[in-house]
Amino acid sequence: MTSGEWMESAACRSAEPDELFVQGAQQNRAKTLCHGCLVRTECLAEALDNRIEFGVWGGMTERERRTLLRRRPDITSWRAVLEEARQAYEHPKAS
């Protein structure tokens, strides 16, 4: 799914942009827009792969994303990692 395609399905598409670019406790309220969003994974991957510094993306604040990027500097494609994790979650292998 391309950037333009997933954005059309985003739960926040009708929200005011200022609602997602807030600070402090308001970020937790902004993150609630992401709960249940069908394209949360694509959104988070976009922010991580492109090192987007501001706003809530994919249910994570800029601070949370920076922490994740510091912990995993070896990852070159967050889109691939997150998609693989989603597939494993949705289709677990029988043991």
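These legends go with several close-up views of a predicted model.

Residues are numbered from 1 along each chain as its sequence is written, and side-chain values use heavy atoms, with hydrogens and water left out. Since this is a predicted model, local features need pLDDT of at least 70 and side-chain atom pairs count only at pLDDT 80 or more, while totals for chains, interfaces and linings use all residues.

**View 1. Helix 3, mostly under cover.** Let's start with helix 3, where seven of the ten residues are buried. Here "buried" means under 20% relative accessible area, "exposed" means over 50%, and "partly exposed" is anything in between (1.4 Å probe, protein chains only). Helices are DSSP runs of H or I with at least four residues, numbered from the N terminus. The buried residues of helix 3 are Glu-42, Cys-43, Leu-44, Ala-45, Glu-46, Ala-47 and Leu-48. Take Leu-48 in helix 3: it counts as buried because its relative accessibility is 0%. If you look from Leu-48 to Val-22, the two sit 26 residues apart in sequence and 18 Å apart in space, C-alpha to C-alpha.

**View 2. The largest nonpolar core.** Eight residues make up this core: Leu-44, Ala-45, Leu-48, Met-60, Leu-69, Ile-75, Trp-78 and Leu-82. Helix 3 (40–49) and helix 5 (78–90) are the elements that give two or more residues to it. Helix 3 brings the largest share, three residues. A nonpolar core, by the way, is a set of buried Ala, Val, Leu, Ile, Met, Phe, Trp, Tyr and Cys residues joined through side-chain atoms within 4.5 Å.

View 3. Helix 3 is followed by Arg-51, a residue in the loop between helix 3 and helix 4. For background, most residues other than glycine have a negative phi. Arg-51 counts as partly exposed because its relative accessibility is 44%.

**View 4. Glu-64 reaches Lys-31.** Here's one of the five salt bridges in the structure. A salt bridge is a side-chain nitrogen of Lys or Arg within 4 Å of a carboxyl oxygen of Asp or Glu. In this pair, the closest N and O atoms of Glu-64 and Lys-31 are 2.8 Å apart. Glu-64 lies in helix 4 and Lys-31 in helix 2 (residues 26–31), so the pair ties together parts that are 33 residues apart in sequence. Glu-64 is partly exposed at 29% relative accessibility, whereas Lys-31 is buried at 16%.

**View 5. A charged trio around Arg-86.** Arg-86 has two salt-bridge partners in this view, Glu-42 and Glu-83. With Glu-42, the closest N and O atoms are 3.0 Å apart. That pair links distant parts of the chain, with Glu-42 in helix 3 and Arg-86 in helix 5, 44 residues apart. Glu-42 is buried, with a relative accessible area of 9%, and Arg-86 also counts as buried, at 19% relative accessibility. With Glu-83, the N to O distance is 2.4 Å. Glu-83 and Arg-86 both lie in helix 5, three residues apart, which is about one turn of the helix. An α-helix has 3.6 residues a turn, so residues three or four places apart point the same way. Glu-83 is partly exposed, with a relative accessible area of 28%. Put together, salt bridges that share partners join Glu-42, Glu-83 and Arg-86 into one network.

View 6. Which residues form the positive surface patch? They are Arg-63, Arg-66, Arg-70 and Arg-71. Patches are made of residues with over 30% relative accessible area and no salt bridge, with like charges joined within 9 Å and nonpolar side chains (Val, Leu, Ile, Met, Phe, Trp, Tyr) within 5 Å. Lys and Arg count as positive and Asp and Glu as negative, while His and the chain ends are not counted. Arg-63 is found in helix 4 (residues 62–71) and counts as exposed because its relative accessibility is 62%. The C-alpha atoms of Arg-63 and Thr-41, 22 residues apart along the chain, are separated by 18 Å.

Technical notes: Accessible areas come from the Shrake-Rupley method with a 1.4 Å probe; for residues, only the protein chains shown count as cover. The place of a charge is taken as NZ of Lys, CZ of Arg, CG of Asp or CD of Glu.
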